[in-house]
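Grab a pencil and take the steps in order.

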There are 2 protein chains.
Amino acid sequence: MADRPHTIPGLAAAAAVALLGAATVALSGAAAPRGAEEIIRTVPTTASYGAHLLFLTEEPHQAGTPRNMRLADYVRDRFLDYGLEEVTFHDTPALLSFGRAAAAEVVAPERVALRLAEEPCPADKDSYLYRDPGQVPFHGYALSGEVTAEVVYANGGSPEDFATLERMGVEVRGRIVLMRYSEPYSYRGYKVFMAESRGAAAALVYSDPQDDGYARGEVYPDGPWGPMSHVQWGAILYDWKGPGDPFTFHWTKHRDGVWVEGRERDRQLPRIPSMPLSPGNAAAILKQLRGPVAPSGWQGALPFTYHVGPGPAVVHLKVDNDERIGTLRSVIGRIRGREEPDRWVILGNHRDAWIYGAVDPSSGTAAMLETARALGTALRAGHRPRRTIVFADWDGEEPLLGGSTQWVKDNAESLRAGAVAYINVDSAIAGPRFEAGATPALAGFVRDVTRAVNDPATGGPLHDAWAAQSKGGTPEVGTIVGATDYTAFQEHLGVSCIDMYFDGPYGVYHSQYDDHGWMSRIGDPGFYYGATLARLWGIMAWRLADAAILPLRYSDYARAALGYIDAVEAHARPAPMPRLERARAAARRWEEAATALETRLDTATLPPADLRGLNDALLQVERSLTEAAGLQGRPFYRHLLVAPQPTYREEYLPRIWEAIDRDDREAIPRHEEEIVKAFDRAADILRRATGKLAAPAPGAASGAASMKP
Amino acid sequence: MADRPHTIPGLAAAAAVALLGAATVALSGAAAPRGAEEIIRTVPTTASYGAHLLFLTEEPHQAGTPRNMRLADYVRDRFLDYGLEEVTFHDTPALLSFGRAAAAEVVAPERVALRLAEEPCPADKDSYLYRDPGQVPFHGYALSGEVTAEVVYANGGSPEDFATLERMGVEVRGRIVLMRYSEPYSYRGYKVFMAESRGAAAALVYSDPQDDGYARGEVYPDGPWGPMSHVQWGAILYDWKGPGDPFTFHWTKHRDGVWVEGRERDRQLPRIPSMPLSPGNAAAILKQLRGPVAPSGWQGALPFTYHVGPGPAVVHLKVDNDERIGTLRSVIGRIRGREEPDRWVILGNHRDAWIYGAVDPSSGTAAMLETARALGTALRAGHRPRRTIVFADWDGEEPLLGGSTQWVKDNAESLRAGAVAYINVDSAIAGPRFEAGATPALAGFVRDVTRAVNDPATGGPLHDAWAAQSKGGTPEVGTIVGATDYTAFQEHLGVSCIDMYFDGPYGVYHSQYDDHGWMSRIGDPGFYYGATLARLWGIMAWRLADAAILPLRYSDYARAALGYIDAVEAHARPAPMPRLERARAAARRWEEAATALETRLDTATLPPADLRGLNDALLQVERSLTEAAGLQGRPFYRHLLVAPQPTYREEYLPRIWEAIDRDDREAIPRHEEEIVKAFDRAADILRRATGKLAAPAPGAASGAASMKP
């Protein structure tokens, strides 16, 4: 694919400032950055991306397995080959969970043995996974045990679903609760927790064809959706109760170096057996349920009427998971910054997969390797960026966001002072539809950078393809709150984050079929999107690392915050809640202060020596939106504006949101005051930065950064 | 069930006037009508209703079969037993269609023979229907023939669905088009016509479990929905091109009395083979279709991804229908009116069924027999109503609305002059949820009468149960436009109509399973609703026949007409259309004239001799909303405000609606003028009636009807 000549006709002010600022600073000695972007755009190739992907997906590589350690070596070797600096391993001990054996059968009314393995499909060699009897679809951290009990069907296992069962008089205590993975995504661990906390004996979570199977479209190998035997593996750690404090939980290391399990299981770990099921196996159980007909909305696409039970279907299930302390090995590499080596732009992706993980995460790992190759090539050609770029190949994301969280904790002080932004890519490619989320200050930057690479399908700028699929024609940058490796950066430290991927119909998430066959034939034939993402990621990193002035626009953020205030008021309805007018007024003050600075930056000139002070102020605005105390019961979550719910749905102004949820209305004014203070802190930082800017001077010295595009 | 004492606390003015008017008129010599209503409410019993239903549903009774003739005798004998007068048969020759044989198989890629019969279910003796090899599920009037062709799936077979196929480049010409019965109801005949008019070789119409099967709830015999082998029989006559002109179509009677088929098949008759299919058989075909994945909304609840084809599924089908001229035998009985025998209140229900027809129509036939017993008992007790009540047990509704249409044509002059109202009940009972539709002038009357009977489930007034299920708490009276026996009355003559039934989940429509087992175990165990409907129908008939002043409120109708104007303007969107302000102004004039009369009726007194003139005026208002010319291409449809589309969906101001559909915008002003004239005719009739009313006089003579409740 040829890239069209690089033009910046529609660049928003801040991004243009960033670019031109960099160009001006270049006069003080470094090589021309336009050349850097050209290199970054042309180095990543589909062939090289494909070679990485093939190696990464050759075998299952769960965190803690020898194969995943072997892949750490592969990543380290590539980082070294490509010229990255200070390449190291970051090792973390963590409790890991491995499926050792599992069995399930319907024992009554009609006995049906369930074959838990996913079926092979002849055209796909990887799909013969279960020839190895050690491969068992399982829920990471489910309690091992054996249960025989009547089954109750609880739809998606949400609090509302359990409330419905209660209204219907259907008791789940002592029973096996069968729930479905839901669409949109809701964290499976919270489903199991709901069942456990209501006294269930065990949980089963299955994939309904309505959500990711034949009712959505063609199933693999004919199409992207999940066939009848596919199983969604996954961890069910109660991670909202942590996370990771410590990742060894109730295990401790004795003097002889041996890890010993404590007597009481950590509260983050489930206390009932649980197992994922294929739609086919769920059908065998559901078909034998009676009792009330499933309420409206609970019927899925299996070919019979769903009932909630209890029984008469009785299931016997056996979960045998091996929990042991293992090592998470993240691979870290850098390109040291030319002028501000202590200011970091971090790129991250996890390496560990549930099985082959072609989409999740190896498409991202392959892209990161290509991005590293691109930036390393630029470095060798003399393009060293102003700031440091850190490459982080995380381990243990799937079980517990382990590698990234621990690295953030271990580097908290450096990151608080110097993290410019964290750009995460988890599953990079599941189709051709670009999606991005960001801390709102970076939304405009993300949009602008997508003008610099082309969309494989249209051949035109990715920006335009993205805009065409968005409502209103402006590319939609989503809100991000958690569920992957940016969580610790954004929620714990207040670092500005970006998360991005190419999406598409994808029904084989966390199953055997998320493999090289799926990706090469269905998800990204020819690997055009993989190479595109590598280019985009590289240019994003370069611009953030090399910009004279960081493209953080807090006027956008303040306007987003006004939307958060609306959202939290809506969340309170229909119960009465005083309108958060003080918070609104503070957000407007923040917006004004940000706008004043941004207007000034369009016209002011600034000696290079002042740039660092200005940029530090911009970094600290995001930090100022956190408070050390964290959320009630979840101290890790320190951000005042957004947090993930345990289901990973977003919540806004989380302290107020959760006060509403626990009906503690009296706490709301206090929490509003905290928000007001945060907004005023942010505004204050921006005002002081504005004050330090020189007024526009005609004929500014050529050694100064011109702010005007 | 005990009825509570009859009170009329909340009666709307017109209905109260009707009652009290009658009471006052009684002073001039007849027996007390309150006694009549008591009799009518207490005579119908669940036992007697159940006995009728059992006899009626004992065997299949399609129009034209000996069994349906035997049931005509049964109805006639009951009418005579119960004391009805002038009991006669009304016979009509009509072309009828009978399934003689049918076969279908998938011949490629994988051969699958289809078993067309519905499966027996052990608990239900009637479900062994197909032990008689002469029983064949079929489409009435489908062309006989044999076709082998590739299949295309066309979703619900609507014009939009065929347009989608065209956009996709999927050609239906020469192919077999597989469509699904749709929910909400859309006439199957129009689906087949769509396929035929696009060159299809044949049509298959199947029941998707999403619409009436397991995805809706329990299937028979465990619940009300359709099992996998159920088939929806039904006629596919292109009746919007007629109807019935004549019902013998291209057949003519020779001098020797033999009917001979003409050379050219009538345009109302399909010219391709067609067949209804069970979900199970449709699955066998759909599963083997490939080509594009079915567009959004086309996927049903069968357990695989739907494709549109064409092929590779190739189906061979053979339709062998026997078309012959038979006799439709409607049974007519009367209770002659005491004072105005030429003014008729007509009650109608059809007798003919596709198979056993427990819901459709025998629940209505059994109810009519109980209503006849109730009114006959009242008559014998001396309660002869002011006007004539006509009982009509129609034949040939299922194939072609034959009996009712022909009777209307044969009695058009008497009906134009003297029909007060027609109250239709088709399928009386499919569950416990009361539903009613009416010409808007009768909506208030229908609501009021439901206060006079009790709802079996709540024990309180049916009115209140109905209100509780309606939005806003006011019982919702629907718009009626066609699809059953009131069509000729309302659409051709402009007679005010009511159509009512108890609805519920019902997935066995027109299948073998719509039988006594379904009704007695699922639809109406104990037959409480059947008896309730008989009571309601009887009281409605009595009040309309005996009211001093007819409860026709045209202020309600004029307000409804304003809504029709809005609806037709909305139908034109997004294309520009001048607003129908002249029609709106005329509707407001009509509303004013109606309100003036209704206000006057609340206070005026009127000598009995003037009542007939007033009532005739009220009748003629509805008539004035028709024009002899009828709709373009459908001259039978003469009503200016409502008509059925060929799908049986409603259309408003049909001349304008259809002008929009054929993009003939220039015709709209002319048609608006016709509407204006009709509204002005209506207003004029009402104004003249108001003018004739005497001003309120203190101490009016006791021989006069007091209008004030």
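**Exercise 1.** Work out how many salt bridges the rule finds across the interface of chain A and chain B.

Solution. Step one: the rule finds zero salt bridges between chain A and chain B, taking a salt bridge as a side-chain nitrogen of Lys or Arg within 4 Å of a carboxyl oxygen of Asp or Glu. On the side of chain A that touches chain B, the residues split into eight nonpolar, four polar and one charged (Ala, Val, Leu, Ile, Met, Phe, Trp, Tyr, Cys and Pro are nonpolar, Asp, Glu, Lys and Arg charged, the others, Gly among them, polar).

Step two: remember that this is a predicted model, where local features need pLDDT of at least 70, side-chain atom pairs count only at pLDDT 80 or more, and totals for chains, interfaces and linings use all residues. Residues are numbered from 1 along each chain as its sequence is written, chains are lettered from A and ligands numbered from 1 in the order written, and side-chain values use heavy atoms, with hydrogens and water left out.

Step three: count contacts (heavy atoms within 4.5 Å), and 13 residues of chain A meet 13 residues of chain B.

**Exercise 2.** Decide whether Asp239(A) is buried or exposed, and find its partners.

Solution. Asp239(A) counts as buried because its relative accessibility is 10% (buried is under 20%, exposed over 50%, partly exposed in between, with a 1.4 Å probe and protein chains only). Beyond neighbours within four places in sequence, Asp239(A) touches Tyr187(A), Gln268(A) and Tyr648(A).
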